[in-house]
Amino acid sequence: MENQIGMYAEDLTEEECRAWFNEAKKQGTVPNRQVIRVQAINHTMKKIVMMFDQPIYREWDCLYIDESTFYYNVGEGVVASIATN
């Protein structure tokens, strides 16, 4: 992403965050993964945050991970996962 200056999570290194994010991006584009599961954020999920410097510094909660499941932040304390049909 343009103007990204970092990525972090409480229990993960930036490299691990980037690897998880790249894996989640790949899974989100697979055509047979269409079932959306929506749920509230809970304490077992690790949050990955991306940091940007353009147009002004901001942080974006982009992804949550619970073991090997990816959850995409949809706002208001709710996340969605993409599952195989």
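The questions and answers below move from the overall fold to single residues.

Analyst: This is a predicted model, in which local features need pLDDT of at least 70 and side-chain atom pairs count only at pLDDT 80 or more, while totals for chains, interfaces and linings use all residues. Residues are numbered from 1 along each chain as its sequence is written, and side-chain values use heavy atoms, with hydrogens and water left out.

User: What percentage of the residues of the protein chain count as buried?

Analyst: A residue is buried under 20% relative accessible area, exposed over 50% and partly exposed in between, with a 1.4 Å probe and protein chains only. The protein chain has 85 residues, and the buried share of them is 28%.

User: Which strand pairs with E3 over seven bridges?

Analyst: Two strands pair if DSSP finds at least two bridges between them. Strand E1 (residues 4-8) and E3 are antiparallel over four bridges, and Met7 has Met50 in E3 as its bridge partner. On the other pairing, Phe52 is bridged to Arg58, and a hairpin of five residues joins the two strands. The strand that pairs with E3 over seven bridges, also in the antiparallel sense, is E4.

User: Why is strand E3 described as largely enclosed by the rest of the structure?

Analyst: Strand E3 covers residues 46-52. One of its residues, Phe52, is buried at a relative accessible area of 6%.

User: Which geometry does the ring pair of Trp20 and Phe70 have?

Analyst: Rings of Phe, Tyr and Trp (its six-membered ring) pair if their centres lie within 6.5 Å; planes under 30 degrees apart count as stacked, over 60 as edge-to-face and the rest as tilted. The whole structure has two aromatic pairs. In this one, the ring centres are 5.6 Å apart and the planes stand at 65°, so the geometry is edge-to-face.

User: How many residues apart are Trp20 and Phe70?

Analyst: Trp20 lies in helix H1 (residues 14-28) and Phe70 in strand E5 (residues 69-75). Trp20 is partly exposed at 29% relative accessible area, whereas Phe70 is buried at 5%. The pair links distant parts of the chain, and the separation of its members in residues is 50.

User: Which geometry does the ring pair of Phe52 and Trp60 have?

Analyst: Trp60 is partly exposed, with 34% relative accessibility. The ring centres of Phe52 and Trp60 are 6.5 Å apart and their planes are at 45°, so the pair is tilted.
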